[in-house]
Amino acid sequence: MPEIITAPYLLIFVAVASYLLGSIPFGLVIAKAMGLGDLRQIGSGNIGATNVLRTGSKSAALATLLLDAGKGGIAVLLARFFVGEDAAQLAGLAAFIGHIFPVWLNFNGGKGVATYLGTLLVLSFFAGLAACLTWLAFALAFRISSLAALAAAALMPLWLHFMGLPSYVMLAALLGVLIWMRHAGNIRRILNGTEKKIQLKKS
């Protein structure tokens, strides 16, 4: 049976649509809608769920986490259903790039961790579960969200290799590099012992 090649225009459409979906700043929107203020002026200034949690609203943080993860997952799901597996990986990458470099916020977005996890969960549930469990293990052990994210991103290609999913290794490695780049400031603070730890405030 001849190999089916996806038309370039379809891949371009998938990439653009997924980028635009990924670029929706849900954390910023939710914080403003719930009267929590401008996230860019709170805590680390990041628009992700961890910084939303610093406002003291667990419900807002959870909603942000689910929606940011959903951006990657939905992009992958739709691309896989309508186009194919190659388009699914492209959609995950584009949604992730949209989150960290959103056109609506002068290309200054989040760190991409939730979108990364959502993308992996839909590409392969067990691979995504491995990433989530890695994050959780490091978060519980060190109570530093950024360190947990860095560990999950670094170990994911290894997990994929042992799980027999080599087709996802390159994507996971690329997303992992981008996550480490976006966490450059966090890495410096981790090394000098000034990185903020996870702290829950009353809602």
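The side chains of Asp68 and Lys71 meet in a salt bridge, with 3.4 Å from N to O, a salt bridge being a side-chain nitrogen of Lys or Arg within 4 Å of a carboxyl oxygen of Asp or Glu. Both residues lie in helix 4, three residues apart, about one turn of the helix, and both Asp68 and Lys71 are buried, where buried means under 20% relative accessible area, exposed over 50% and partly exposed in between (1.4 Å probe, protein chains only). Helices here are DSSP runs (H or I, at least four residues), numbered from the N terminus.

This is a predicted model, in which local features need pLDDT of at least 70 and side-chain atom pairs count only at pLDDT 80 or more, while totals for chains, interfaces and linings use all residues. Residues are numbered from 1 along each chain as its sequence is written, and side-chain values use heavy atoms, with hydrogens and water left out.

A search of the whole structure finds four salt bridges, including these:

| Salt bridge | N to O distance |
|---|---|
| Asp68 and Lys71 | 3.4 Å |
| Arg40 and Asp38 | 3.1 Å |
| Glu85 and Arg80 | 3.0 Å |

Arg40 is partly exposed, with a relative accessible area of 39%, and Asp38 is partly exposed at 24%. Glu85, at 31%, is partly exposed, and Arg80 counts as partly exposed at 27% relative accessibility.

Asp68, Lys71 and Arg80 of helix 4 also take part in the contact with helix 6, contact meaning heavy atoms within 4.5 Å. The axes of helix 4 and helix 6 (residues 113-123) come within 7 Å and cross at roughly 40°, the axes being lines fitted to C-alpha atoms over the stretch in contact, with angles from 0 to 180 degrees between N-to-C directions. Helix 4 and helix 6 are therefore oblique to each other. On the side of helix 6, the contact is made by Ala114, Thr115, Gly118, Thr119, Val122 and Leu123.

Elsewhere, helix 7 (residues 125-142) and helix 8 (residues 145-162) pack at an angle of about 145°, with their axes 8 Å apart. Among the residues that meet there are Trp135 and Phe138 in helix 7 and Leu155 and Trp159 in helix 8.

In helix 2 (residues 26-33), Phe26, Gly27, Leu28, Ile30 and Ala31 are buried, and the buried residues of helix 2 pack against helix 3 (49-53) and helix 4 (58-82). Helix 2 is followed by Gly35, whose phi is positive, near 70°.

Technical notes
Helices (H or I, at least four residues) and strands (E, at least two) are DSSP runs, numbered from the N terminus. Angles under 35 degrees count as roughly parallel, over 145 as roughly antiparallel, 65 to 115 as roughly perpendicular and the rest as oblique.
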